[in-house]
Structure formats: C-alpha cells, structure tokens
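Hi everyone, thanks for making time. I'd like to walk you through a structure that may be new to you, so let's bring it up on the screen.

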Amino acid sequence: MTDLFTPGGVAAFFQVVMIDLALAGDNAVAVGMAAAGLPQDQRRKAIIVGLAGAVAMRVTFALITTQLLQLVGLLVAGGFLLLWVCWKMWRDLRAQGREERAEGEAALEAARGVAIGAAAKRQPRVKTLRQALVQILIADLTMSLDNVLAVAGAAREHPWVLIGGLLLSITLTGLAASWIARLLSRLRWIGFVGLAIVLYVALHMIWVGTRTVVIDLGKTHAYNAAMPGPLDIGPTEEARRRGK
C-alpha cells in the first residue's frame, strides 16, 4: 500500500478521481437520455435499472480487465477505444451535443429528484420501455468498459490506486451519479479536465502497448533501428517485460 503515497501514486490517484467524476456523470446522463422518451411512471424504473446495471458491469469488468490488458496487443486496443471515448466526450462538451444532453439531464432530474439545472427545448422522441432498456444496456456496456479501462490504464503500476479507483467508480455510479451529473452541469471545466486526462491515458496506453507488443514479438532490434535513439527500447525495459 506504500505505493499510494509516492509522487507517482498521488498523481495516478488524482487522474483516477477526475476520470471517475467525468465518466460516472456521463454514464448517468446517457441513461437519462435513453429513458427520456418514456412515460413518467416508467422513466424512474428504467433509470434505476440502468444505474444498477452500470454498477454490475463495472464490477464484472473490474474483475477481468487488468488481466486482459496483459495480453499481447490489448493494451494498444484499449488505448484506441479510449480515443473514441475522448471524441464522444468532446462532442458532448461542445454545443452540438447540448440539447440531447439537456434531455437526459431533465429526465434524470425528474426521476431521481436531484436538481441538475437542465432545460431541454424540445420534447424527447417517444419510445417503448423495451427500446429504452436496450439503449440503456448498450450505454452501460460501453461506458462501464470505458471507465474501467481508463482507470486501469491510469493506475496499472499502482495496485492500491487501481483497487481504490475501481471501488470509487462503482460507488459514484451507484450512489452519487445524479449529484455528479449536477456537478458537471454547473462546473463544465471538470469535464474538460477529465477529457484531457482520458486523452493522456489513451495515448500512454497506445505508446506502452506498442512497445510491449514489439518486445513480445521479438522485434526489438527492428523497432530500435527505425526509431530515434532516445525512443529505443532498452535492455532494462525488455528484461522487465520478459520477466512478467
């Protein structure tokens, strides 16, 4: 647990907290958007089911993701998946995604009783409970994987930060998602900080993952011949990877 109090551990913990804040709030709003077209009596049920599903999926992914990231190439794939997450976050933070987001916030506000401050200008498209639950399931699946991947990527070398980050993610999603959505609505800069950190984690995962693939495939010599000297894979890095 001593790694938690090192400079690297503190920096990783800060990254994890900001990622959790940004993605837990976005998950709640995504669930609200999926439920926005339902009648009022069904909306609350769909949102509660959606947030419970998000918690369950985060627990499931938390149990397997750190092991999966050790497989050849999956760290790189996870990094590219997070780049897609960054694009979605950027789109939602810009004005073009504001109206749909407002619909989701309004639905979340009505169902959970937490004042977020949303004010949608149009009526959401009417949908059935089945349609809403399918959309919620897809949102839960993708955003839970995104969240766990981002946390795992930020704290891979700090086990206690990783465990704490995953527990925090599950707690925020299950108990405080509406409050986090309200916070993000009022303090939009938190979303941009979270976006910047997720972007950094994605690029770092791609960088580290590419180097581990090179080592695992025995292509270190060819890689070093193609890269500038400061970017070469050294004997220490290669031995550390092969020792795993």
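Of the 244 residues in this protein, 48% count as buried. Please keep in mind that we are looking at a predicted model. The protein exposes about 12,300 Å², and carbon and sulfur atoms supply 68% of that.

How many helices and strands are there? The secondary structure comes to 10 helices and zero strands. Among contacts between residues at least 6 apart in sequence, 78% join residues at least 24 apart.

Now to the inside. In soluble globular proteins, nonpolar side chains tend to be buried together. Here, the largest nonpolar core has 35 residues, and those with the most contacts inside it are Ile19, Leu82, Met89, Val198 and Val201. Helices H1, H2, H3, H5, H6 and H8 each supply at least two residues of this core. Take Val198 as an example: leaving aside residues up to four places away in sequence, Val198 touches Ile19, Leu82, Val85, Cys86 and Met89. There is also a second, separate core of 10 residues, and Ala28, Ala35, Leu38 and Ile47 are among them.

H8, residues 188-216, and H10, residues 235-242, pack at an angle of about 80°, with their axes 10 Å apart. The two helices are therefore roughly perpendicular to each other. Which residues meet there? From H8 we have Arg211, Thr212, Ile215 and Asp216, and they meet Glu237, Glu238, Arg241 and Arg242 of H10. By class, that contact has one nonpolar, one polar and six charged residues.

Methods. Residues numbered from 1 in each chain as written. Predicted model: local features only at pLDDT ≥ 70, side-chain atom pairs only at ≥ 80, totals over all residues. Heavy atoms only, no water. Axes fitted to C-alpha atoms, helices over the stretch in contact; angles between N-to-C directions. Helix = DSSP H or I, 4+ residues; strand = E, 2+ residues; numbered from the N terminus. Parallel < 35°, antiparallel > 145°, perpendicular 65-115°, else oblique. Contact = heavy atoms within 4.5 Å. Nonpolar A, V, L, I, M, F, W, Y, C, P; charged D, E, K, R; others polar. Buried < 20%, exposed > 50% of the residue type's maximum accessible area, 1.4 Å probe, protein only. Areas by Shrake-Rupley, 256 points an atom, 1.4 Å probe, with all protein chains shown as cover. Core = buried A, V, L, I, M, F, W, Y, C linked by side-chain atoms within 4.5 Å.
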